[in-house]
Amino acid sequence: MYLKGAAMEFQENVPLAPYTTFGIGGPARWFAEARSEGDLVEAAAFAREAGLPLFALGGGSNLLVSDQGYRGVVLRIALAGIEEERRGSSLIFSVAAGEDWDAFVDHAVAKDCGGIECLAGIPGTAGGTPVQNVGAYGQEVAQTIHMVRAFDQMQSDFVDLAPEQCGFSYRRSRFNSFDAGRFLVCRVDFSLEQGRAPSIEYEDLIRYFKEHNLSCTLGATSRAVRVIRKSKGMVISPSDPDSRSAGSFFKNPIVAMGVYERIAAGFSPAPVPHYPAPADDTGRARVKLPAAWLLEKAGFHRGLIRGRAGISSRHTLALINRGDALAADILRLRDEIIAGVEEQFNVRLEAEPVWLE
Ligand code: NAP
C-alpha cells in the first residue's frame, strides 16, 4: 500500500536490503524519496504526525539494517544538482545532498580544484559526507566544507551551519553524535582551491606514485586513490564479492599513549604501527592505532569465513555478506572480533556503520 501526500508518495513495507551496499536488512514501515527541500518538510511532518522516527538514507554505504527492518519512515535523499561560484582563487561548489560523492570528486578535479582528490572512490552521497566527516589518505571533508544546509527537525526550519557549528572531529560530527537524527542534510557547500597541489602523504599513495613514475597532479591522485581502493575491494562493484560490505567496519581507535606503550612493550623489538592523534580534553597525549593491525594480531585475518558472513579477502577491516547473510550473522562476527581484540589488547573497538532497527 502507499499513501499520497501533497507532493510525495509514502510506500509501505519496502525492503531496504537493495538500498544498502551490504545487501542486508528487512523492510521500512514507510519509505519515500525527497527530491526537493519541500519534500523534506513534508516527510518530516508525515513522520511527526504518525509518531514515528525518520531516517535519512543516502547511498546506504555505511549502514547495517536489522533483519526485522525499521519501524519508522525511511527518507531516501535524492536532491540533485551542483552549482558553483567563484571566490578569489577558490570555487564554492553547492552540492545537493543526493549527488553521488565520487562523481562530484571527479567534477571538482576536472575543474582543477583541490582538497578532496584523496576522497575519490568513496561510495555514497555528498549529503552523507559531513555526517561522519568522511576522510581518507590525510584529507577529511571538514577541511573543505564551507557550509552545511539542513532541515532542523527540532525547530522545523532550515539552517545553514558553518563548519564550527558542525562539531567535526575524527569520523565524527554533531550529526552522528549528540544531535543524531535531528538534521536532514539537504546541501553541502565545499570551498576548493583552484590549482592547488595534490595531497600525497600516505605510504600507499607515495609508493603508488613512485612505482608508476607519475607526476603529481590532482587527476593522477584521484585515479591512484581509486586504483588503491579497488585493489582492497573498497570500490563498490556488483562483480566484486569483497565489496558487499559497509567499507571499514571498525574505527581506528585513538588511545592514550600509555595504552600504546603497553602494547608496544609486548611486541618489542618488533614495531607497533601508530600515528599521531589529538590530545584528550585534559591534554594527555594520544595515538591512533590501525584497527586492521589489531585484528590481524588477534587472529582475525583476511578471507576468514563465518557461515554467510566473513572478512574480505583483500581488506581486514571489511566484514562482508558472503551471500544471503542476515544482519545477525554480521553482528555475531562483529561481537567475536570486538571480544577477541579486547581480550588480547584491552582495547575496545567501535563499529563504524550506522545500525538501523
Ligand atoms: P590505511 O591507509 O592502511 O591506514 C590505516 C590506519 O593508519 C588509519 O588509521 C590511518 O589514519 C593511519 N595512517 C596511515 N598512514 C598514515 C599517515 N601517513 N599519517 C597518519 N595516519 C596514517 O587504511 P585503509 O583501511 O586502507 O583506508 C585507507 C584510507 O581510507 C584511510 O585514510 C582510512 O581512514 C580511510 N577510510 C575512511 C573511511 C570513512 O571515512 N568512513 C572508511 C574507510 C576507510 P586515518 O584513518 O586518519 O587515515
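**Charged pairs and nonpolar cores**

R207 is partly exposed, with 40% relative accessible area, where buried means under 20%, exposed over 50% and partly exposed in between (1.4 Å probe, protein chains only). The model is predicted, and for that reason local features need pLDDT of at least 70 and side-chain atom pairs count only at pLDDT 80 or more, while totals for chains, interfaces and linings use all residues. Residues are numbered from 1 along each chain as its sequence is written, and side-chain values use heavy atoms, with hydrogens and water left out.

The side chain of R207 meets that of D204 in a salt bridge at 3.6 Å, N to O, the term standing for a side-chain nitrogen of Lys or Arg within 4 Å of a carboxyl oxygen of Asp or Glu. D204 is partly exposed as well, at a relative accessible area of 22%. Both residues belong to helix α3 (residues 203–212), where they are three residues apart, about one turn of the helix; helices (H or I, at least four residues) and strands (E, at least two) are DSSP runs, numbered from the N terminus.

Side chains of opposite charge can pair when their charged atoms come close. The structure holds 24 salt bridges, and another of them joins E336 and R306 at 2.7 Å, N to O. This pair links distant parts of the chain, with E336 in helix α7 (residues 327–345) and R306 in strand β18 (residues 305–306), 30 residues apart. E336 is partly exposed at 30% relative accessibility, and R306 is partly exposed with a relative accessible area of 37%.

In a further salt bridge, the closest N and O atoms of E342 and R348 are 2.7 Å apart. Here E342 counts as partly exposed at 28% relative accessibility, whereas R348, at 56%, counts as exposed. Elsewhere, salt bridges that share partners join D152, R174, D179 and R182 into one network.

The nonpolar side chains can be followed next. A nonpolar core is a set of buried Ala, Val, Leu, Ile, Met, Phe, Trp, Tyr and Cys residues joined through side-chain atoms within 4.5 Å, and the largest one has 62 residues, those with the most contacts inside it being L40, L75, W101, F104, F190 and L205. Strand β14 (residues 183–194) gives the most to this core, with seven residues. Leaving aside neighbours within four places in sequence, L40 is in contact (heavy atoms within 4.5 Å) with A34, L75, I77, L79, F151, F158, L184 and C186. Apart from this core lies another, of 35 residues, among them V255, I263, L289 and L295.
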